[in-house]
Amino acid sequence: MPVTQIKRSYRKTKYIIYKETLIDFKEHLWSFIGSFIGIGCIAYFHSTHFPGSDGVYLIGSFGASSVLIYGIIQSPFSQPRNLIGGHLISAIIGVTVQTLIPEPVWLSAPLGVSLAIIAMQVTKTLHPPGGATALIAIIGTEKIKTLGYWYVISPVLIGCLILVAVALIVNNMTEKRSYPNNNRFHRNYHIYRKRLLKKS
């Protein structure tokens, strides 16, 4: 019995390693296009509204979110509910902790991240970059801290909506990619696109 389980585990491991070594250039191309357009749009808004070196719109957690929603689109963490809900909840918690307990940072930083994780778990909106969103609200630059709860709306909510809008378009451009996990959007997207092509 243990030998059979070991052999089965060995076969699974070999298959997973084999899958990871495959290079799907088309998949990688769509990941590149999606993340380039998504982060590019946020960067454009940043450059027009906040010129200078202080990246208010370009918070680091959006880079991590891009890896998920353009590179691992079937992951539960990559779904729109998780992306938007996770970031918003974490942003609210981060700003609240920064307002109530700004110092010492060794207490406020871990408290903000830990509370954000629990809140995302409870609301079923777990999105790993959300922890960074909470942390940025606490340890970010003075420009970010002075935003207060506006940080939740801009850059967090606006940035999330931009990333999701781009993901819904780019991740459904081909028949092989479907986003979100609910295939209804993917089917309707292609039906509508075919109707538009027939009319033109």
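A residue is called buried when its relative accessible area is under 20%, exposed when it is over 50%, and partly exposed in between (1.4 Å probe, protein chains only). The structure is a predicted model, in which local features need pLDDT of at least 70, side-chain atom pairs count only at pLDDT 80 or more, and totals for chains, interfaces and linings use all residues. Residues are numbered from 1 along each chain as its sequence is written, and side-chain values use heavy atoms, with hydrogens and water left out.

Cysteines were considered first. Cys160 is buried, its relative accessible area being 0%, whereas Cys41 is partly exposed, at 29%. A disulfide is a covalent bond between the sulfur atoms of two cysteines; the criterion applied here was a pair of cysteine sulfur atoms within 2.5 Å. The structure holds zero disulfides.

A nonpolar surface patch is formed by Leu29, Phe32, Phe36 and Ile37, which together have about 420 Å² of accessible area. Areas were computed by the Shrake-Rupley method with a 1.4 Å probe, and for residues only the protein chains shown count as cover. Patches consist of residues with over 30% relative accessible area and no salt bridge, with like charges joined within 9 Å and nonpolar side chains (Val, Leu, Ile, Met, Phe, Trp, Tyr) within 5 Å. Leu29 belongs to helix 2, residues 25-49; helices (H or I, at least four residues) and strands (E, at least two) are DSSP runs numbered from the N terminus. Leu29 is partly exposed, at 47% relative accessible area.

Two aromatic pairs were found in the whole structure. Phe32 and Phe36 make a stacked pair, with 5.6 Å centre to centre and 25° between the planes. Rings of Phe, Tyr and Trp (its six-membered ring) pair if their centres lie within 6.5 Å, and planes under 30 degrees apart count as stacked, over 60 as edge-to-face and the rest as tilted. Because Phe32 and Phe36 are four residues apart in helix 2, about one helical turn separates them. Both Phe32 and Phe36 are exposed. Tyr44 and Phe45 make an edge-to-face pair, at 6.2 Å centre to centre and 70° between the planes. Tyr44 is exposed, at 52%, and Phe45 is partly exposed, at 32%.

One salt bridge was found in the whole structure, the criterion being a side-chain nitrogen of Lys or Arg within 4 Å of a carboxyl oxygen of Asp or Glu. Glu27 pairs with Arg177, and their closest N and O atoms are 2.5 Å apart. The pair links distant parts of the chain, 150 residues apart: Glu27 lies in helix 2, and Arg177 in the loop between helix 8 (150-170) and helix 9 (183-199). Glu27 is partly exposed, at 26%, whereas Arg177 is buried, at 2%.
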